[in-house]
Each structure stands twice: as structure tokens, then as C-alpha cells.
Amino acid sequence: MSKSEGFPVDIKTTPPEEEVGLKEDISPCVFGQNRASSSSRLLTQEEPDTLSREKALVSDFKLMKLEKEAQKNWDLFYKRNTTNFFKDRHWTTREFEELNACREFESQRLVLLEAGCGVGNCVFPLLEEDLNIFVYACDFSPRAVEFVKLNPLCCPERCHAFQCDLTKDDLRGNVPEGSVDVVTLIFVLSAVHPDKMKLALQNISRVLKPGGMVLFRDYGLNDHAMLRFKAGSKLGENFYVRQDGTRSYFFSKEFLSELFADAGLQSVSNDYVLRETVNKKEGLCVPRVFLQSKFTKPGQSKSS
């Protein structure tokens, strides 16, 4: 792909990954790879017109209704799709070496919090690959948590799954304060109302050890999915609602960095990942944009 076709100049190739997010009828383009970039994707000549047509926001009544019914809408999502919608995320240890390297000594048991675990697409590959890990897994949807509990890998010795609204339910009711080495926040924060994101991060920070890491990946600004929303879907700046009532925010690295800083977490890395996928139904090669970042809680762990 030439530099004039949409990607910034300052990009470097990173290893290929499995598809993340929804199981749409898509696969990588023949020449498409993941590309890490300090800036988001450049829009084509036509795409700014698409975004400009979506200036009108939904009514305050609908906005409040969607917030009130957020849990119900995600529960219905998992009722319809059970465990079949998302692919298992076997790429996490490759993209986030901290999942293997952050132990202070080789025999240390890693304690991980998977915030927004869904039906376990990230949790269970980690439990299979790493026998010396304990996972706290929580999700907004009670139905999703029940699917996690039904998996044989979710045994009390290795995994504790529980329902939680990160914006209001204190995690310390299930996770000891300052006990977690790593928090994974993968395609989760985008589903939270922007006004409540800071609350979720502050909640997570309370159970994270000093020196602990938050590993983040989510939808980035100018992702193709952002341009597909039709009129009547816009809830706010970079914030949209899908047809099933679930919501999605598209992050800029500047917004994310400020958000984590306000919650007392320091940036380690914060970059866009640019990827091309082909939609087999439409025969189109489409640009995907994700934001992949790492943040740490200031201070050192007691053992160090």
C-alpha cells in the first residue's frame, strides 16, 4: 500500500495477529499486516463527508434510556450469541509480553484481573498457556459470567469469575486491594459512557499493585467501524450506538492518555495499530484502527 493511500509515513510492521473483536466475515488482506503508528489512519477524500453528515446526536431521552438499559442490552447480546461470537484471543501474550515477563521471580504466581471478560475469550487461552496464573474475571453481563463459570478451566484454584459494573461496583468486594499484577482491559472501555470511564479506571487502580500494569486494546479513531454507523447512531463525540443497543467509543491516543493520567496511571506506551481486513461478503479491503497501550500504577511492589 502506498503512503498516499491512507497510512502515515512513520509506521513499522509488527507481527500478524488473529482477528480481534467481532466475528465478521473478514480476513486479512493478502498484503495487509498490523502496523504500529504514532498517529491514526488518514481519511480518504470521501470519508470526512461521511462523518460530517453525522453531526446530529440522539435525543437526551434515548441517551438516558441506553445508559439505563446498557446491562440488559449486553445480556441480550450474550443470550443471542452465547459463546460463539468472539474468537479466542491467543494473540495477547504475543502483543503484551508483560503477561510472561512481569514476574519478579520465575516461580511467582501471576495474579491477573480480566476486566470485562465476556465469555472468557481472553481468560481461557491464558489459563491454558500459563499454569502459574490466577485470574479474576469480571463482566457487566451476568449471563456472560455464567458462561465463564461453566467452563472446566474456571476452577476455584485458578479463576474467580463475578459480575461487576466497573463504574459503580467496588472491585475490592471480590479482589483484595493492591493484589493484582496485571489488568487486561481489551475491547471493554469503549462500551462505557465516556463520562464514566474515569470511574472504571479508578476502580481498577485500587486493586492493582504499585508498579502493576494495565494492558489496553480497543477501537481507535477513524476505524472503519466508526464510518459504518448510519444517521441516528451518534451519541456524542466519537461515541455511537449499534442496532442492538450496545455502544462503542473510538479512542484517540491523546484522549486515552489524559483519561488514564486523571485516574493516576502513567503511560508506558500508547500507539495506534493499523490493519487491513477484507470483507468477503462485500469484496472490500477495509482499514481497521485499534489503540494498543500500556499503563502502570506509580510506585514499586513490596517485594521489589
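**Close-up views of a predicted model**

**View 1. Cysteines without partners.** There are zero disulfides here, counting a disulfide as a pair of cysteine sulfur atoms within 2.5 Å. Take Cys-117: the nearest cysteine sulfur belongs to Cys-138 and sits 6.3 Å away, and Cys-117 is in no disulfide. Cys-117 is also buried, at a relative accessible area of 4%. Cys-155 is partly exposed, with a relative accessible area of 22%.

A quick note on the ground rules: this is a predicted model, so local features need pLDDT of at least 70 and side-chain atom pairs count only at pLDDT 80 or more, while totals for chains, interfaces and linings use all residues. Residues are numbered from 1 along each chain as its sequence is written, and side-chain values use heavy atoms, with hydrogens and water left out.

**View 2. The largest nonpolar core.** A nonpolar core is a set of buried Ala, Val, Leu, Ile, Met, Phe, Trp, Tyr and Cys residues joined through side-chain atoms within 4.5 Å. The largest one here has 42 residues, and Leu-171, Leu-185, Leu-189, Val-214 and Phe-260 have the most contacts inside it. Helix α8 (residues 197-207) supplies the largest share of this core, five residues. (Helices, H or I with at least four residues, and strands, E with at least two, are DSSP runs numbered from the N terminus.) A second, separate core has 33 residues, including Leu-99, Phe-124, Ile-133 and Val-273.

**View 3. Zooming in on Leu-171.** Which residues does Leu-171 touch, leaving aside those up to four places away in sequence? They are Leu-113, Cys-138, Phe-162, Cys-164, Leu-166, Asn-203, Ile-204 and Val-207. Contact here means heavy atoms within 4.5 Å.

**View 4. Salt bridges across the chain.** Side chains of opposite charge can pair when their charged atoms come close. The count comes to twelve salt bridges, each being a side-chain nitrogen of Lys or Arg within 4 Å of a carboxyl oxygen of Asp or Glu. In one of them, Lys-209 meets Asp-181 at 2.8 Å, N to O. Lys-209 lies in strand β8 (residues 208-219) and Asp-181 in strand β7 (residues 180-186), so this pair ties together parts that are 28 residues apart in sequence. Lys-209 is partly exposed at 23% relative accessibility, whereas Asp-181 is buried at 10%.

View 5. Arg-288 is in strand β13 (residues 284-296) and Asp-223 in the loop between β8 and α9 (224-227), 65 residues apart. Elsewhere, salt bridges that share partners join Lys-65, Glu-69 and Lys-72 into one network. Within it, the closest N and O atoms of Lys-65 and Glu-69 are 3.2 Å apart.

**View 6. A three-stranded sheet.** This open sheet runs in the order β9-β10-β11 with antiparallel pairing; two strands pair if DSSP finds at least two bridges between them. β9 (234-236) and β11 (247-249) are at the edges with a single partner strand each, so one side of each has no neighbour in the sheet. Strand β10 (residues 239-241) pairs with β11 over three bridges, and Val-241 stands opposite Arg-247 in β11.

Methods
Buried means under 20% relative accessible area, exposed over 50%, partly exposed in between (1.4 Å probe, protein chains only).
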